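User: I would like to learn how to read a few features of a protein model. Please take them one at a time.

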Amino acid sequence: MRYDTNIINKCKQGDRQAQNSLYESLAPVLLGICRRYMKVHTEAEDVLVETFVKIFQNLSNFNHAGSFEGWCKRIAVNECLMQLRKRKNFALSIEYAQFVPENSVEVHDQMSYNELIALLDELPIGYRTIFNLYVIEGYKHREIAEKLDISINTSKSQLIHAKKRLKIIIKKKRSIKIG
C-alpha cells in the first residue's frame with residue numbers, strides 16, 4: 001500500500017485526524033507483526049501502541065526515499081525485539097532436553113495466519129524470534145546477530161532448531177487429526 005505524502009506531512013504537524021487515519025490503515029499489519037513475536041495478544045497490542053508512539057515521534061526521520069510501510073514495519077520489529085530483551089527470561093538457548101531428532105517430514109502445506117501463530121506460540125522465545133527475523137522478515141544471520149547481540153552461529157543454530165521443532169509439531173498435529 002502506498003501512503004499519501006500529504007497524510008504523512010499532516011501527521012508530522014500533529015494533525016490528529018491524519019494520525020488516526022494512518023493508525024487505522026497500518027494497525028492491522030503492524031499488529032500481525034507484533035503478534036508473531038509476542039505470545040500473548042495483549043502484549044502484542046501493548047507493543048503496537050509503543051510502535052505507533054515511535055512512528056509518530058520519528059516521522060521527521062522518514063525521508064520518503066523508501067517504502068513508508070516498510071519503515072513502519074522495521075520500527076515494529078525493533079520494538080518487539082526491545083520488549084523481548086527487557087524480559088528477564090529471554091534467552092536464546094537450545095533446549096536439548098526437549099529436542100527430538102529431525103525426521104524427513106517436509107512441510108509445504110498452505111496454512112492460515114492463525115495456524116502459523118498457533119505453531120509459533122509453541123516455540124521457545126529464542127527459536128520463535130530467530131524464525132520470525134530470518135524466515136518472515138527476511139533478515140540475514142549477520143543482521144540478526146547484530147540486532148540480538150549474539151553470534152552468527154547462534155542465529156543459524158536457533159533457526160535450524162526452530163525448523164526442526166516446527167516439523168515435529170506439525171507432524172504431531174497431523175497424526176492427531178488422522179489418528
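User: Is Asp121 buried, partly exposed or exposed?

Analyst: First, a caution: this is a predicted model. Burial is read from relative accessible area, with under 20% counted as buried and over 50% as exposed. Asp121 has a relative accessible area of 22%, so Asp121 is partly exposed.

User: With which residue does the side chain of Asp121 meet at 2.9 Å, N to O?

Analyst: The general idea is that side chains of opposite charge can pair when their charged atoms come close. Here the partner is Arg35, and the two side chains form a salt bridge at 2.9 Å, N to O. Asp121 belongs to helix α5 and Arg35 to helix α2, so the pair ties together parts 86 residues apart in sequence. Arg35 is buried, at a relative accessible area of 14%.

User: Which residues are linked with Asp121 in a network of salt bridges?

Analyst: The network links Arg35, Asp121 and Arg128. In the pairing of Arg128 with Asp121, the N to O distance is 2.7 Å. Arg128 counts as buried, with 0% relative accessibility.

User: How many salt bridges does the structure hold?

Analyst: There are seven salt bridges in the structure. One of them joins Glu69 to Lys73, whose closest N and O atoms are 3.4 Å apart. Glu69 and Lys73 are four residues apart in helix α4, so about one helical turn separates them. Glu69 counts as buried at 12% relative accessibility, whereas Lys73 is partly exposed at 30%.

User: How should I read the packing of α2 and α6, and what is the angle between them?

Analyst: Two packed helices are described by the angle between their axes and the distance between the axes. For α2 and α6 the angle is about 140° and the axes are 9 Å apart. That makes α2 oblique to α6. By class, the contact has four nonpolar, two polar and three charged residues.

User: Which residues of α2 and α6 meet?

Analyst: From α2 come Arg35, Arg36 and Tyr37. From α6 come Ile125, Arg128, Thr129, Asn132, Leu133 and Ile136. Arg35 and Arg128 in this contact also belong to the salt-bridge network with Asp121.

User: Which residues touch the most other members of the largest nonpolar core?

Analyst: A core is read by asking which members touch the most others and which elements supply them. This core has 45 residues, and those touching the most other members are Leu26, Leu30, Tyr37, Ile55, Phe68, Trp71 and Leu133. The elements giving two or more residues to the core are α1, α2, α3, α4, α5, α6, α7 and α8. Leaving aside residues up to four places away in sequence, Leu30 touches Leu48, Thr51, Phe52, Ile55, Cys72, Lys73 and Ala76.

User: How many helices and strands does the protein have, and where does its burial stand?

Analyst: The protein has eight helices and zero strands. Of its 179 residues, 40% count as buried. Among contacts with a separation of 6 or more, 72% come from residues 24 or more positions apart.

User: What is the phi of Asp149, and where is Asp149 found?

Analyst: Phi of Asp149 is near 55°, a positive value in a residue other than glycine. Asp149 is found in the loop between α7 and α8. Asp149 is exposed, with a relative accessible area of 73%.

Conventions
Residues are numbered from 1 along each chain as its sequence is written. This is a predicted model: local features need pLDDT of at least 70, side-chain atom pairs count only at pLDDT 80 or more; totals for chains, interfaces and linings use all residues. Side-chain values use heavy atoms; hydrogens and water are left out. A nonpolar core is a set of buried Ala, Val, Leu, Ile, Met, Phe, Trp, Tyr and Cys residues joined through side-chain atoms within 4.5 Å. Buried means under 20% relative accessible area, exposed over 50%, partly exposed in between (1.4 Å probe, protein chains only). Contact means heavy atoms within 4.5 Å. Axes are lines fitted to C-alpha atoms, for helices over the stretch in contact, and angles run from 0 to 180 degrees between N-to-C directions. Angles under 35 degrees count as roughly parallel, over 145 as roughly antiparallel, 65 to 115 as roughly perpendicular and the rest as oblique. Ala, Val, Leu, Ile, Met, Phe, Trp, Tyr, Cys and Pro count as nonpolar, Asp, Glu, Lys and Arg as charged, and the others, Gly among them, as polar. A salt bridge is a side-chain nitrogen of Lys or Arg within 4 Å of a carboxyl oxygen of Asp or Glu.
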